[in-house]
Amino acid sequence: MICEHDRNDACFSKVSLFQHLEPEDASLLTSLLHTRTYHKGEYVVQDGERSDTLFVIHQGSVKLSKYNENGKEHIIRFLFSGDFFGQSSLLNQTPHHANAEVLEPSSICSIHKQDFDQLLEQDPKLAYHFLLAITSLLSETDKWNSSLSAMTTKQKIAKLLLDFHTRNHENHDLRLPVFKKDMALLLGITPETLSRKLNVMQHQNLLQVNGNEIRILQLQELKDMIF
């Protein structure tokens, strides 16, 4: 049986933000983290909800999204093991700017601002690493958005699959926790177009599609499409 302490230790060990911590500080962080299991479809937080908490995904996946005034959903990004969210609310104690919906049974760790501030006092270098992590996140988001706008539909799909591949620790077998309609929404295409293009890519022997599982057969060819 896995105890709470072990789960918390495993949770932050996946996050580059915390990997530089000294053993004493790592032990403090472990004691300050809280871990909760979520079911598919549950919300960790919702758009407009007030919080002062940073969340880290230990296992599972989360969709960040917003709805516009017409009720249309806009997907911001998908998050996987080792990703974190809620940093703006942690730092500024402002309402969350998006819904965080769990896509599959997930284990998520959290730390409150008061406890995070205590950790910063123990290790001031953490503030610098936190700034670097947020800057990197913003840069990745900007690159993603700018590159998608100039890509063909096939290139967009290849880029998303390569992103999933990287986040799944270079595993060629991808079990997608996201609905294809959500993938299509993120890419700005229709679900029908996504299915049709995946079929074409399968016939080209680039990948193999079996329901919600995709096996990448020609990794380098996918990379060559977008680089």
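Predicted model: local features only at pLDDT ≥ 70, side-chain atom pairs only at ≥ 80, totals over all residues.
## The four-stranded sheet

Four strands form an open sheet in the order β2-β7-β4-β5, and their pairing is antiparallel. At the edges of this sheet stand β2, made of residues 43-45, and β5, made of residues 73-80, each of which pairs on one side only. From one strand to the next, the twist averages 30°.

Within the sheet, strand β4, which covers residues 61-67, pairs with β5 in the antiparallel sense over seven bridges.

A pair of aromatic rings is described by the distance of the centres and the angle of the planes. The structure holds three aromatic pairs, and one of them is formed by F78 and F164, whose rings are tilted, with 6.1 Å from centre to centre and 50° between the planes. Because F78 lies in strand β5 and F164 in helix α6, this pair ties together parts that are 86 residues apart in sequence. Both of its members are buried, F78 with a relative accessibility of 5% and F164 with a relative accessible area of 1%.

A further pair is made by F80 and F164, with ring centres 5.5 Å apart and planes at 80°, so this pair is edge-to-face. Here too, distant parts of the chain are linked, since F80 belongs to strand β5 and F164 to helix α6, 84 residues apart. F80 is likewise buried, with a relative accessible area of 7%. Taken together, F78, F80 and F164 are linked by ring pairs into a cluster.

## Helix α6 against helix α8

Two packed helices are described by the angle between their axes and the distance between the axes. In this model, the axes of helix α6, residues 153-167, and helix α8, residues 191-203, come within 10 Å and cross at roughly 80°, which means that α6 is roughly perpendicular to α8. On the α6 side the contact is made by T153, K154, I157 and L161, while α8 contributes T193, L194, K197, L198 and M201. Sorted by class, the residues of this contact are five nonpolar, two polar and two charged.

L161, which has its place in helix α6, deserves a separate look. L161 is buried, as its relative accessible area is 0%. When neighbours within four places in sequence are left aside, L161 is in contact with L174, L198, L207, I214 and I216. From C-alpha to C-alpha, L161 and H172 are 9.8 Å apart in space, and they are eleven residues apart in sequence.

## Two loop residues with positive phi

Q93 is not a glycine, and yet its phi is positive, at about 55°. This residue is found in the loop between α3, residues 87-92, and β7, residues 99-102. With a relative accessible area of 45%, Q93 is partly exposed.

N205, another residue other than glycine, has a positive phi near 65°. The loop in which N205 lies runs between α8 and β10, the latter made of residues 207-210. N205 counts as partly exposed, at 44% relative accessibility.

Definitions and conventions: Residues numbered from 1 in each chain as written. Heavy atoms only, no water. Axes fitted to C-alpha atoms, helices over the stretch in contact; angles between N-to-C directions. Parallel < 35°, antiparallel > 145°, perpendicular 65-115°, else oblique. Contact = heavy atoms within 4.5 Å. Nonpolar A, V, L, I, M, F, W, Y, C, P; charged D, E, K, R; others polar. Buried < 20%, exposed > 50% of the residue type's maximum accessible area, 1.4 Å probe, protein only. Pairing = 2+ DSSP bridges. Phe/Tyr/Trp six-rings, centres within 6.5 Å; stacked < 30°, edge-to-face > 60°.
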